[in-house]
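Reader: I have a new structure open and would like to learn how to read it. Could you take me through it one feature at a time?

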Amino acid sequence: MLVSVTLIGSVGLYIVLKLTSGVDLPFVSFKFIEYSERLGQFGDFFGGVLNPLLSFMALLGVLYTIRTQGIELKEAREETRIANRIQDKQTGVFERQNFESVFFRLIDVHANMADRLRDKRESWGSNGFEYAVHEVLENYRYACEDLASAQKTARRPQYPALNPEQTTEQQLLLQAFDEGVTGEIRVMLSQYYRNIYQILKLVDGFKVFSGEEQTGRRSPRQIRLEYFHKRQYSNILRAQLSDDELKLLFLNCITPYGKGLKSYVEQYSLMKHLQKSKFLKGRKEIYDLYEDEAYADFEDIDTSRIILYASFRARNQLRATFSSKNS
């Protein structure tokens, strides 16, 4: 702009000096000064020809500027999209870190509770878990014997709440579990099961994906992949459970107050390592109290079942959201 103003001013000054004082510059001079009045006509002609060309070039410049701005805006949008994706990933990493911090803290609490129960030694040397399993199985054996005797003699069994004609294996186990687990061990086991429930609830509610990956309709592949990641955490919990812990967990979940925990046990296959042939004599009617997924490997679980679990979880979250708003 400075160069343009200087050039225009210089030319204008030269013309004024030439017409008023007749000053000439070296190699530049007006000849035929008497025809200077015709220069205006020539200027009008020249301007009439040049102005449309300049206007057309200005229009091209405006169109080029608009195109350049469009490209820059597109690039800015792409950069914003990339920045949002990076932010979503950073948020996902932060949420995963928070989740794992709480998860492993609960695992530590679980380990401490389990150690307390193992240290609960009985007179014959067994730990708390082993003692509880022994008492439950003994009571179950007595209940089965009494039921068999009652069915033969048509007399009432030792447990009056049981009808010999309508008694099921589950009822016998419930009665044996209720009478076999008592006192301080019962209180400690209640805390132990509630902690397991909170661990599995935390895992089930964890959002593996974040941002755009979490929104919108997810494909069956994404749902199965999300379940796979959650199952890795539940496997960590399952690895902490001893054989006696699995047996007590099995018995606890078939009780009315273990219903919520039972759904998570089935969904994440916590009974996978339970030795069926050695526990309760491998009775099929007892093991059928659980869904097949409770004993299955990840590869053996059908995608339709995983989608069903995801739908059930979404309904529960929606129900909890509306309940909190109404309250």
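Predicted model: local features only at pLDDT ≥ 70, side-chain atom pairs only at ≥ 80, totals over all residues.

Reader: What is the phi of S269, and is S269 buried or exposed?

Author: Phi of S269 is near 55 degrees, a positive value in a residue other than glycine. In the chain, S269 follows α8. Buried means under 20% relative accessible area, exposed over 50%, and partly exposed in between (1.4 Å probe, protein chains only). S269 counts as buried because its relative accessibility is 0%. In α8 itself, the buried residues are L261, K262, Y264, V265, E266 and Q267.

Reader: How many helices and strands does the protein have?

Author: Helices (H or I, at least four residues) and strands (E, at least two) are DSSP runs, numbered from the N terminus. Here there are 10 helices and zero strands, so the pattern along the sequence reads α-α-α-α-α-α-α-α-α-α. Of the 327 residues in the protein, 31% are buried.

Reader: Which residues of α5 are buried?

Author: They are I185, M188, L189, Y192, Y193, N195, I196, I199, L200, V203 and D204.

Reader: Where do I look for a nonpolar core, and which residues have the most contacts inside the largest one?

Author: In soluble globular proteins, nonpolar side chains tend to be buried together. A nonpolar core is a set of buried Ala, Val, Leu, Ile, Met, Phe, Trp, Tyr and Cys residues joined through side-chain atoms within 4.5 Å. The largest one here has 62 residues, and those with the most contacts inside it are L189, Y192, L249, F250, M271 and Y290. Helix α5 (residues 183-205) gives the most to this core, with nine residues.

Reader: What is L249 in contact with?

Author: Contact means heavy atoms within 4.5 Å. Leaving aside neighbours within four places in sequence, L249 touches Y193, L241, L261, V265, L270, M271 and Y290. Across the protein, among contacts between residues at least 6 apart in sequence, 70% join residues at least 24 apart.

Reader: Why does E245 count as buried, and what is E245 in contact with?

Author: E245, found in helix α7 (residues 243-253), counts as buried because its relative accessibility is 1%. Beyond neighbours within four places in sequence, E245 is in contact with H110, A114, R118, F129, Y192 and Q240. E245 and A114 are 131 residues apart along the chain, and their C-alpha atoms are separated by 8.8 Å.

Reader: Where is H110 found?

Author: H110 is in helix α2 (residues 37-118), and H110 is buried, with a relative accessible area of 1%. Apart from neighbours within four places in sequence, its contacts are Y192, N195, I196, I199, L237, Q240, L241 and E245.

Reader: How is empty space found?

Author: Rolling a probe the size of a water molecule over the atoms shows where empty space is left. On a 1 Å grid over the protein atoms alone, a cavity is a set of points where a 1.4 Å probe fits but cannot get out, and a pocket is an open set with protein on both sides within 12 Å along at least five of seven lines; lining residues have an atom within 4 Å of a point. Grid points are joined across faces, edges and corners, and a volume is the space filled by probe spheres set on the points.

Reader: How many cavities of 30 Å³ or more does the structure hold?

Author: There is one, with about 50 Å³ of space in the largest cavity. Its lining is I223, E226, Y227, K230, Q267, Y268, I306, Y309, A310 and R313. The elements that give two or more residues to this lining are α6 (220-239) and α10 (303-326).

Reader: What about the largest pocket?

Author: The largest pocket has about 390 Å³ of space. It is lined by 17 residues, of which D204, S263, Y264, F312 and N316 lie nearest its centre. Helix α10 gives the most to that lining, with seven residues.

Definitions and conventions:
Residues numbered from 1 in each chain as written. Heavy atoms only, no water.
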